[in-house]
Amino acid sequence: MTELRTYGTRNVFLHRDGHYHEELAATAMTPQQAERFAEDVNRAIKGTDFDPIDLALLGAGWHSASVPVTIEVGEFLTDVARMLHRLFDELCKPDGFPGVFGYEIAEPLGARLADEADPELATAEAIAREWITAELERAA
């Protein structure tokens, strides 16, 4: 099972059974907010309409830009993960993505969105669509 967990005061981790915890973000949330965020995400990923690894890598990318991960950012990135799942279904099926989707699309997208002043889902979709299409064309 894959889920987010919090440890210490302000850290959010990705937990996968049989693996070490992977730190996603030292957040700007209080410990209580981080715990609530992890609970919300874990509730959302059960029977979800997105890949939890994409959400984790979006958060890691955001964090790599040295921008705080807030509750609002977490909610936004969850929406972005849903959009990425939809784009993957639309653009990559039935043959799949020619690389590692999470590392080549989700993580850099998180970093790119963190650099935006006030990112919007439409902006995220335009960027992701451009990157996915470019990779598919390169592999064709």
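View 1. Arginine 82 is partly exposed, with a relative accessible area of 28%, where partly exposed lies between buried (under 20% relative accessible area) and exposed (over 50%), for a 1.4 Å probe and protein chains only. This is a predicted model, in which local features need pLDDT of at least 70 and side-chain atom pairs count only at pLDDT 80 or more, while totals for chains, interfaces and linings use all residues. Residues are numbered from 1 along each chain as its sequence is written, and side-chain values use heavy atoms, with hydrogens and water left out. The side chain of arginine 82 meets that of aspartate 49 at 2.9 Å, N to O, in a salt bridge (a side-chain nitrogen of Lys or Arg within 4 Å of a carboxyl oxygen of Asp or Glu). Because arginine 82 lies in helix H3 and aspartate 49 in the loop between helix H1 (31-45) and H2, the pair ties together parts 33 residues apart in sequence; helices are DSSP runs (H or I, at least four residues), numbered from the N terminus.

**View 2. Aspartate 54 in helix H2.** Aspartate 54, found in helix H2 (residues 52-64), is buried, with a relative accessible area of 6%. Leaving aside neighbours within four places in sequence, aspartate 54 is in contact with Leu84, Phe101, Gly102 and Ala106, contact meaning heavy atoms within 4.5 Å.

View 3. Arginine 138 and glutamate 135, three residues apart in helix H5, form a salt bridge whose closest N and O atoms are 2.6 Å apart. Arginine 138 counts as exposed at 59% relative accessibility, whereas glutamate 135 is partly exposed at 22%.

Note on methods: Helix = DSSP H or I, 4+ residues; strand = E, 2+ residues; numbered from the N terminus.
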